[in-house]
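Subject: A structure for you to look at

Hello,

I am passing on the structure we talked about. Please open it first, and then read my notes below.

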Amino acid sequence: MAAPATAHIAAIGTAIPDNEVHGTFIDWASARIADTRQRALFRRMAERSGIGARWSVLGGGMAAGGFYGGDALPSTATRMAIYAEEAPRLAARAVAQLAAQVALLGLTHLVVASCTGFVAPGIDQLLAEQLGLDVTVERTLIGFMGCYAAVAALRTAHHIVRSEPAARVLVVTVELCSLHLQDDSNIEPLLGQLQFGDGAAAALVTAEPRGLAIEAPFAAALEQSHDLIRWTIGDQGFAMHLSGEVPGRIAAALEGPLGERLTGGRAIDGWAVHAGGRSILDAVERSLSLPAEALAASREVLTRYGNMSSATLMFVLERMLDRPVRDGIALAFGPGLAAEGFRFRSAV
């Protein structure tokens, strides 16, 4: 009996919106903190976040006359109307960037991951129509898995290719995190919102030995941690709850059986870790005793774009395509609290 085909990420295309909003958000958030010491603390922590820029589909944003410039924040319905228009548009830009690298003819499957909006017909159908895909292309939509949804999407493509070696799977992640700004005045939720920006990525996954081979997917839920990362859908968007305990819980898990399970004593020469925040990357680096340069790709993505939820890991993997990797690990964390990932290596 022939061995199952190995799925490969042939190439990755990425896209960000045109509006840079990081500094504008810091000014907007600072104005909501009444206590001068707390305000100064917020700004110091923003400076230490490791984020230099974040991008949004919203022109004007928090400025007077912008999307968040009114007396009351926009309703969830208003935000979802923008999602329905802008998410497929940004995703199509990522696909166009992918198409400039590799031929997208003969696509058989489309797998889309997104957790920052909901619309029916789904974002997968809207994107398929915008791209002019054949109506026979099989679609899968992965929603509300948060930052590790890229792993779920690529894992789905991995299983498709293993069962159908001739499959050509287009994997897309698109997130519009900036649609969900909340009018908080406390430091912790404001620092949580400080992390997030918009972005999209697209990958072609096939059995052709090109790019990065996907191997050995894994998943692990951390016990008694389901309240640490969560979204609450309200009348004014999706409120992100990101506990300050997350880095410590991740570190503790990686210092235990999970860390041993990931590495197995092997010499890992490629780390693609979701850039969820500086403190999370620090926790991974410290708990696994990694050299300072091991997470350079993740830190670069964080600096240039912030945390784009599910799209972020794809941006990091894009940087792995430019270097030889004998034994790599892709790793992301999200609601649950859970860790998901897979091993990877360069095809040649």
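**What I found**

Alanine 216 sits in strand β8, residues 212-221 (helices, H or I of at least four residues, and strands, E of at least two, are DSSP runs numbered from the N terminus). Its phi is near 50°, a positive value in a residue other than glycine. Alanine 216 is partly exposed, at 41% relative accessible area (buried means under 20%, exposed over 50% and partly exposed in between, with a 1.4 Å probe and protein chains only).

Before going on, a word on the source: this is a predicted model, in which local features need pLDDT of at least 70 and side-chain atom pairs count only at pLDDT 80 or more, while totals for chains, interfaces and linings use all residues. Residues are numbered from 1 along each chain as its sequence is written, and side-chain values use heavy atoms, with hydrogens and water left out.

Serine 309 also has a positive phi near 50°. Serine 309 lies in the loop between α10 (296-305) and α11 (311-320), and is buried at 2% relative accessibility.

Which residues does histidine 274 touch? Leaving out residues up to four places away in sequence, they include Cys147, Asn307, Ser309 and Phe333 (contact means heavy atoms within 4.5 Å). Histidine 274 is in the loop between β11 (270-273) and α9 (278-287), and is buried, with a relative accessible area of 2%. Its side chain makes a polar contact of 3.4 Å with that of asparagine 307 (a pair of N or O atoms within 3.5 Å; within protein, one must be able to donate a hydrogen and the other to accept it, and residues adjacent in sequence count only if both atoms are side-chain atoms).

Do look at the cis peptide bond between alanine 120 and proline 121, where omega is about 5°. Proline 121 is in the loop between β4 (109-114) and α4 (123-131).

Overall, the chain has 11 helices and 13 strands, and 57% of its 348 residues are buried.

Best wishes
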